[in-house]
Amino acid sequence: VDPEPIREADRVLILAPMGRDAMIATSILNEIGAPSVVCGDLTAFCRALRAGAAAAVVAEEALQGGLSEVVDWLGAQPAWSDFPFILLSLRGGGLERNPNAGRLMKALGNVNFLERPFHPTTLVSVVQTALRGRRRQYEARERIEDIRQAEALLERRVQERTAELASTNRQLAAQIAERERVESALRQSQRLEAVGQLTSGVAHDFNNLLTVVLGNVRQLQKTETDSSALRRLDMMAQASERAAKLTAQMLAFSRQQKLDPRSVDLNETVSAMRDLLQSTLGGSIQVQTRFEPDLWPAMIDPTQIELVILNLAINARDAMEGGGGALTIETRNITLAAPTQPEEPAAGDYVMLSVRDTGSGMAEDVRAKAFEPFFTTKAVGKGSGLGLSQVFGLAKQSGGGISIDTRLGEGTTVSLYLPRGKAVVDAVSNAPKRGIDRRPKNDVILIVDDDHLVREVTVGLVRDLGYNVLEAGSGGAALDTLDSHAEVRLVLLDFAMPGMNGAEVAREIRLRRPELPVLFATGYADAALTESDDDQIIQKPFAEADLADRLARRLAG
Ligand SMILES: Nc1ncnc2c1ncn2[C@@H]1O[C@H](COP(=O)(O)OP(=O)(O)OP(=O)(O)O)[C@@H](O)[C@H]1O
Ligand SMILES: [Mg+2]
């Protein structure tokens with residue numbers, strides 16, 4: 001049977017080259033079952049030490065002259081190890097009579113001296129003590145190893161946890177930043193929303209007042225013969241028209257403008273405006289264009305976009321006042337990611353039109369308020385602060401957006417993003433203009449408006465066009481009039497009325513007399529109205545030719 005393989009760590013090394021000591025020691029150790037290895041010389045002993053051993057039985061004289069290698073090995077022992085030696089000494093007597101023994105004890109550390117000749121039981125007890133000590137050391141080594149592993153594990157856990165915390169921290173910081181951004185965007189859009197409501201309310205009431213003023217001026221102009229009075233009337237008409245333009249800009253900001261979006265080639269629009277732009281900007285400003293060759297068509301009201309481009313060009317001119325500079329209009333197809341500011345459009349395909357100037361640029365507080373109606377940094381009478389509001393409103397109402405890139409002292413780029421339209425179709429040419437037909441007609445028209453001043457003006461205008469007129473000051477009164485007057489051929493109906501509004505009155509009318517045409521008069525594009533046929537709506541304040549045309553068409557259709 002093969003003997004159990006001897007583990008190096010369990011063996012006892014024997015170095016006693018002379019005499020019979022090695023043989024005797026081997027046989028004694030055999031008897032107590034301690035595995036042993038006899039080393040022929042110091043070199044072999046050192047090699048065996050490095051391979052591993054539990055203890056060593058060494059004859060004192062064998063170490064003569066070659067101690068340093070052993071001492072080196074001892075010095076390199078791990079912390080748990082204190083290798084035990086059993087030295088077989090030559091002379092009898094105590095240590096005091098053997099000076100070499102003192103030296104060896106100092107060099108080797110854990111040493112037991114055994115005087116020769118030794119009794120077998122003495123060797124056995126000394127070796128067993130040494131082996132027990134060595135086993136303790138091995139146990140200590142394992143414990144230290146356990147502790148090291150536990151420490152390493154702990155360290156790894158701490159590192160993992162620290163990394164987790166750091167990543168959570170980063171996520172939190174990112175979330176906080178994102179939330180702050182969203183909140184500020186929300187605040188900004190809520191403010192614009194609130195200002196928009198206010199503006200549209202003011203504009204709506206103003207529009208009614210202007211309808212009265214302008215209507216009456218027009219009436220007077222027809223009958224007045226005194227030239228000085230006529231000049232004054234003309235001034236009043238011009239002022240009212242300018243006021244009407246301002247209310248239109250306010251309505252544009254609150255996205256309640258009546259729009260007629262079509263597929264438009266913006267390269268063409270800008271090209272056609274070049275002369276106008278150059279003359280508006282003056283000789284010291286250079287107008288440049290940078291067109292995307294295969295520009296997508298934009299879905300936009302062609303008249304409004306021209307106004308907006310002009311508006312932006314005038315802002316640019318004002319910003320470059322004095323020094324001259326360059327204005328660059330650029331078009332581009334662009335696909336946008338999600339917006340970061342309320343004025344920017346949603347993600348998607350857009351046609352971009354940007355107007356860049358080399359002017360003053362805007363400070364951050366100016367930029368933040370630039371879209372607000374009536375915000376202006378210009379002198380009284382120079383700017384109304386409605387230009388960018390109108391641009392903003394048009395872009396938003398058209399389903400696009402806007403962004404401003406500006407740096408103080410370096411210039412500004414305002415970019416409009418307009419929804420991508422279908423292929424451009426040739427615009428239908430407008431019907432040739434005819435003179436206004438004022439001949440008396442047999443048709444009776446019912447005019448419904450809650451504002452009696454507006455109603456009076458409208459009645460005057462419609463009478464002048466040769467129609468017979470009935471009036472009503474509310475929806476209920478209108479329905480009563482219809483019931484008692486079968487001869488009514490058309491209803492001219494104010495859309496925004498207290499109580500029963502225009503849409504509700506129209507519904508009632510349709511129930512009673514389905515064939516009776518209705519023409520809505522409105523100061524702003526109500527959502528319910530934009531859906532319906534253009535022919536059914538007339539914009540206040542009325543232009544006489546427009547009113548004549550709409551009435552005739554509704555009566556004919
Ligand atoms: N291109 C630009 N460069 C520098 N500042 C600008 C530019 N465009 C607008 N601003 C600033 O934004 C403000 C608001 O512009 P907005 O067009 O709405 O009104 P406005 O030009 O002052 O008056 P309005 O256009 O009604 O005549 C301006 O007063 C100006 O301070
Ligand atoms: Mg302006």
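**Entry 1: a bridge in the sheet**

I started with Ile447 in this predicted model and looked up its bridge partner in β14, which is Glu471. I then checked the strands around that pair: β13, residues 444–448, runs parallel to β14, and five bridges join the two.

**Entry 2: the whole sheet**

Next I wanted the strand order. I read it as β14-β13-β15-β16-β17, five strands in an open sheet with parallel pairing. Which strands stand at the edges? I found β14 (468–472) and β17 (537–539) there; each has a single partner strand, so one side of each is left without a neighbour in the sheet. I also noted the twist, which averages 25° from one strand to the next.

Then I looked for a helix on this sheet. Helix α13, residues 502–512, packs on it and touches β15 (488–494) and β16 (518–522). I noted that the direction of α13 makes about 160° with that of β15.

**Entry 3: the two sides of α3**

I moved on to helix α3, residues 67–75, and asked which of its residues are buried. They are Leu67, Val70 and Leu74. Why do these residues line one face of α3? Looking down the helix axis, I see the buried residues fall within an arc of 65°, so they share one face.

What do the buried residues pack against? I listed α2 (42–51), β4 (85–89) and α4 (99–108) as their partners. On the other side of α3, I found Ser68, Asp72 and Gly75 exposed.

Terms used
Residues numbered from 1 in each chain as written. Chains lettered and ligands numbered in written order. Predicted model: local features only at pLDDT ≥ 70, side-chain atom pairs only at ≥ 80, totals over all residues. Heavy atoms only, no water. Pairing = 2+ DSSP bridges. Helix = DSSP H or I, 4+ residues; strand = E, 2+ residues; numbered from the N terminus. Axes fitted to C-alpha atoms, helices over the stretch in contact; angles between N-to-C directions. Contact = heavy atoms within 4.5 Å. Buried < 20%, exposed > 50% of the residue type's maximum accessible area, 1.4 Å probe, protein only. Arc of directions from axis to C-beta.
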